[in-house]
Amino acid sequence: MSMTDIKKGLAGVVADYTAVSKVNPETNSLLYRGYPVQELASTQPFEAVAFLLWNGELPTDVELAQLRALERDYRVLPADVRAAIDLVPLDAHPMDEVRTAVSLIGARDLAGSGSVLDASGNPAENLARSIRLFAVLPAIVAYGQRRRRGEQPIEPRNDLDYSANFLWMTFGEESDDVVVDAFNRSMVLYAEHSFNASTFTARVIASTLSDLYSAVVGAIGALKGPLHGGANEAVLHIFDEIRDARNVSPWLDKALAEKRKIMGFGHRVYKRGDSRVPTMKAALDTLVEHYDRPDVASLYSELESEFVARKGIYPNLDYPSGPAYNLMGFDTLTFTPLFVAARVTGWTAHIMEQLASNALIRPLSEYNGPDERHIEGYVPDA
Ligand code: ACO
């Protein structure tokens, strides 16, 4: 028996410094570059938060206008990316579609760039790549939902900013301000969360001096899992199963007896509630009122209070965002791709931070396989 102190799941391990965000479970707070996320979600467009994550400061009016102009330049779905998406089976998970699209964008962008030794790029190149991914992902996600519905893609509208245009490209109609605001808040809240599994994946890949696109593709793979980003989709499956607030108690009896994980609850870092939930819940409340769906609010509250009372485990961001995206009209399968569109800002900020003071990420393991043994008849080379 080894005496090595194994940190299963790297729980409690501090792997590096970061100046991008600070999660403090004791005070239930999350700061992006020093700003509380609640303040950013209530006052800033997502584009300004992306700028903050990449550059460390909120943009001036001129800087925001410049970023918005660049975002408009790259928000069109390129024909070859659309063709690549069309090759993905319609019944594949949309995260596979998003991963494929980003992979192609990376391959095309880096074509002819020479040896792997040049892959990691310089800071200016990586910022430009980050902006391009941030700008094109809405078109990829919106087209994914449309093609599953048998609909054609919709051209972006340059008179609309990021969030309003994202909704326009998805639904083909202008959304009310209350919906645009709730959507913008969700993007800000999902943008960044320190060394979560997908961000750490991106940093591991970047630490080998691979390229930014490869790191983002790996992060998308990590985010797909239901213990991470996939949970927002899973919350809606649970809501669909329960259907009515009156069914919560018997449904929970059965689910807990079967030792099911209740998606949208629990967090590796926050043990007394996720700092992002109140802001997203407030956005959900505005949508409940806008769409006149009190049934959604009562199912939400009933499941939350019953589960918290029984297990003492609190909701995470995916719990309010799942029903919010549903009310906005997004298909359940589109929820995790929406998370990608938001988190790509945090991932790329971390990739650039990793490269700025890089050390190859390579932990150790404690071997617990069979003792040394040998192939019968093997004769060592002389
Ligand atoms: N439902 C039921 N039981 C739970 C849940 C849950 N959602 N979350 C934790 N528990 C229980 C576990 O079964 C375990 O019980 P045990 O000690 O009796 O075995 C105990 O609480 C500790 O749980 P772990 O899974 O070991 O805690 P960990 O910190 O590793 O997990 C995680 C955190 C993965 C998020 C977990 O809470 C979970 O699976 N939640 C559901 C998935 C989810 O919502 N993920 C979204 C994460 S946030 C985000 O990506 C925005």
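Select helix 15 and colour its buried residues: D318, Y319, P320, S321, G322, P323, A324, Y325, N326 and M328. Buried means that 20 or more other C-beta atoms lie within 10 Å of the residue's own; exposed means 12 or fewer, partly exposed is in between, and C-beta atoms are placed from the backbone. Helices here are DSSP runs of H or I with at least four residues, strands are E runs of at least two, and both are numbered from the N terminus.

Two notes before moving on. Residues are numbered from 1 along each chain as its sequence is written. The model is predicted: local features need pLDDT of at least 70, side-chain atom pairs count only at pLDDT 80 or more, and totals for chains, interfaces and linings use all residues.

**Stop 1: around helix 15**

Stay on residues 318-328. Helix 15 is mostly covered, with 10 of its 11 residues buried. Now show its surroundings. The cover over its buried residues includes helix 8 (177-190), helix 11 (231-242), helix 13 (277-291), helix 14 (294-311) and helix 16 (335-356). Contact here means C-beta atoms, placed from the backbone, within 7 Å. Step just past the helix to G329. Its phi is positive, about 110°.

**Stop 2: helix 9**

Select residues 197-207. Helix 9 is largely enclosed by the rest of the structure, because 8 of its 11 residues are buried. The buried ones are S198, T199, T201, A202, R203, V204, I205 and A206. What do the buried residues of helix 9 pack against? Show helix 10 (212-223) and helix 16: these are the packing partners. After helix 9 comes L209, with a positive phi near 65°.

**Stop 3: the nonpolar core**

Next, select I140 and V216. They touch the most other members of the largest nonpolar core, which has 96 residues. Such a core is a set of buried Ala, Val, Leu, Ile, Met, Phe, Trp, Tyr and Cys residues joined through C-beta atoms within 7 Å. In soluble globular proteins, nonpolar side chains tend to be buried together.

**Stop 4: the ligand**

Centre on the ligand. 17 residues surround it, and the closest are A231, I262, F265, G266 and R268. How many residues of each class form the shell around the ligand? There are 7 nonpolar, 7 polar and 3 charged residues. Ala, Val, Leu, Ile, Met, Phe, Trp, Tyr, Cys and Pro count as nonpolar, Asp, Glu, Lys and Arg as charged, and the others, including Gly, as polar.

**Stop 5**

Three strands make an open sheet in the order 1-2-3, with antiparallel pairing. Strand 1 and strand 3 stand at the edges with a single partner strand each, so one side of each has no neighbour in the sheet. Two strands pair if DSSP finds at least two bridges between them.

Select strand 1 (21-24) and strand 2 (29-32). They pair antiparallel over 4 bridges. N24 has S29 as its bridge partner, and S21 has Y32. The hairpin between them has 4 residues between the strands, and N28 takes a positive phi near 55° there.

Look at the side chains of strand 2.

Y35 stands opposite Y32, and P36 is the bridge partner of L31. This hairpin has 2 residues between the strands, and R33 has a positive phi near 50°.

**Stop 6: D16**

Select D16, in the segment before strand 1. It is partly exposed, with 14 C-beta neighbours inside 10 Å. Draw a distance to A359. The C-alpha atoms of D16 and A359 are 9.7 Å apart, across 343 residues of sequence.

**Last stop: the whole chain**

Zoom out. The protein chain has 16 helices and 3 strands. Of its 382 residues, 42% count as buried. Its C-alpha atoms fill a box of roughly 80 × 55 × 45 Å along the principal axes. Among contacts with a separation of 6 or more, 78% join residues 24 or more positions apart.

Definitions and conventions:
A residue is near a molecule or strand if its C-beta atom, placed from the backbone, lies within 6 Å of it. Two residues are in contact if their C-beta atoms, placed from the backbone, lie within 7 Å.
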